[in-house]
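Dear colleague,

Please find below the structure that I am handing over to you. My notes on it follow.

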Amino acid sequence: MDPKETERIMALVAPCLPPALVPIFDARFTSSSVLYDEFVYRLTLRTFCDAGLPAAVAEWGNAHEVVARAGLDPEHAAVPVSWMLRHLWRRGVLTGEDAIGGPRFRAEQAPRTLDPAPMAAGQREHDPTCLPSYVLAETAARDYPVFLRGGATGEEILFAPARLPLWVAYFSNDNGLYAVNNRVGAVAVEVWMPRRANTILELGGGLASGAAALLERLAGADRLGDLQMYRFTELVPAFLRRGQRLLQDRLPDGPRVTFATLDMNRPFAEQAVAPESVSIVYAVNTLHVAHDLTFTLEEIRRTLEPGGQLIVSECVRPWPADTLYPEFVFNLLQTFRSPRLHPAYRPNGGFLTPEQWTDALEAAGFRDVRLLPDVTRIRDKFSGFYVAAIGATRPD
């Protein structure tokens, strides 16, 4: 990693950050993010070639045409191949043009693969705590061709029982590339949570790294007294059990913490979450996989007391056509790539732009939509900044 490139990015981003976020997006994280971005690009290029896609872009074609030419399974391959085409186009490997049936792509010359191993070696030397992200991406890449041909589902590939330790290492505050989402969310709650007795309901708490980061930040700011109850929920039983153990071990003397399963795609009231019963609904990298985002946001609004807040930390797509490196892995999962679409604010699966979040929240009856940091300001200077907390308020 070129230190000058790190300095250049930080010089662009730091002036747009509130003081509480400046230490989070430091040189260590910035260098790791650049290394990982290059690593995923090289994995994408290798996967593209392994799946036999270069021959399918010898002539102009949109994603559906490329999938058909390569003999891939359209249900599995349409979204990931569209992502790969756009990702390689942005890197100059492919030529692209707008067309009536969607953007079309062509390879002017045969793509050449690049070895991803040097990037992993550079990460190991720079900051080995980020290596779980590399292991996850490599695991996905190995089985990507089988997935694209319909030989296995992404859930079978990524959530086999033997791969649970991989997720434990990835969804961890020890993994610097993932922990940034938890830390930004924790700052947002500290800044936006009123100074009174609050009840927080967390959706999709996973392995509890987000909850741990939040509660530890509130403790460090002497704000735990403003938290009456923390309701931790998670749909996957194995994740819920591990999350419960982590929080009980680390925060034995904190506020009252309860644990329960909750499916955000079903009515909350049917799952022992009463209307107007919580002050804050909190989630880290969860709402973008809601099957029907409008339904889930409306359930959240009903769950909040008047004046209550939704606060989420999400990977945010700077511009509609952008490709974010976490999508290389998560495009394998049906819940990620195939939600119910909406033409205005949910035109595709995966991550949303700031404008799409604003439109979706306002359509669900929220007001005072805000972002921390202001990624609409940052993206004009540096388009590789993907993390933000999004807040919105239920009207009184």
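This is a predicted model: local features need pLDDT of at least 70, side-chain atom pairs count only at pLDDT 80 or more; totals for chains, interfaces and linings use all residues.

With which residues is phenylalanine 328 in contact, leaving aside its neighbours within four places in sequence? They are Val40, Leu43, Thr44, Thr47, Trp83, Ala137, Ala141 and Tyr144, where contact means heavy atoms within 4.5 Å.

Residues are numbered from 1 along each chain as its sequence is written, and side-chain values use heavy atoms, with hydrogens and water left out.

Phenylalanine 328 belongs to helix α13 (residues 327-330); helices (H or I, at least four residues) and strands (E, at least two) are DSSP runs, numbered from the N terminus. Its relative accessible area is 0%, so phenylalanine 328 is buried. The term buried stands for under 20% relative accessible area, exposed for over 50%, and partly exposed for values in between (1.4 Å probe, protein chains only). Between phenylalanine 328 and histidine 76 there are 13 Å in space, C-alpha to C-alpha, and the two are 252 residues apart in sequence.

Nonpolar core

The largest nonpolar core has 127 residues. Such a core is a set of buried Ala, Val, Leu, Ile, Met, Phe, Trp, Tyr and Cys residues joined through side-chain atoms within 4.5 Å. Phe25, Leu287, Leu297 and Ile300 are the residues with the most contacts inside the largest core. Not counting residues up to four places away in sequence, leucine 287 touches Leu203, Met264, Leu293, Thr296, Leu297, Ile300, Leu310, Val312, Glu314 and Trp357. In soluble globular proteins, nonpolar side chains tend to be buried together.

Helix packing

Two packed helices are described by the angle between their axes and the distance between the axes. Axes here are lines fitted to C-alpha atoms, for helices over the stretch in contact, and angles run from 0 to 180 degrees between N-to-C directions. Angles under 35 degrees count as roughly parallel, over 145 as roughly antiparallel, 65 to 115 as roughly perpendicular and the rest as oblique. A crossing is right-handed if the near helix is turned clockwise from the far one by less than a right angle, and left-handed if anticlockwise.

Helix α1 (residues 3-13) packs against helix α2 (residues 27-50) at an angle of about 110°, with the axes 9 Å apart. The two are therefore roughly perpendicular to each other. On the α1 side Thr6, Ile9 and Met10 meet Ala27, Thr30, Ser31 and Val34 of α2. This contact has 4 nonpolar, 3 polar and no charged residues; Ala, Val, Leu, Ile, Met, Phe, Trp, Tyr, Cys and Pro count as nonpolar, Asp, Glu, Lys and Arg as charged, and the others, Gly among them, as polar.

Helix α10 (residues 209-220) takes part in a contact with helix α9 (residues 176-192), where the axes come within 8 Å and cross at roughly 45°. That makes α9 oblique to α10, and their crossing is right-handed. The residues of this contact divide into 7 nonpolar, 3 polar and 2 charged.

The axes of α10 and helix α11 (residues 237-250) come within 10 Å, crossing at roughly 20°, and the pair is therefore roughly parallel. Ala211, Ala212, Leu215 and Glu216 of α10 meet Leu246, Leu247 and Arg250 of α11. By class, there are 5 nonpolar, no polar and 2 charged residues in this contact.

Backbone features

Alanine 208 sits in the loop between β3 (198-203) and α10 and is buried at 0% relative accessibility. Aspartate 222 lies in the loop between α10 and β4 (227-233) and is exposed at 69%.

The peptide bond from leucine 372 to proline 373 is cis, with omega near -5°. Proline 373 is in the loop between β8 (367-372) and α16 (375-378).

Strand residues

Serine 313, in strand β7 (residues 304-315), is buried at 0% relative accessibility. Its contacts beyond four places in sequence include Asn181, Val184 and Gly185. Glutamate 97, in strand β1 (residues 95-97), is partly exposed at 31% and touches Trp60, Pro103 and Arg104, not counting residues up to four places away in sequence.

With kind regards
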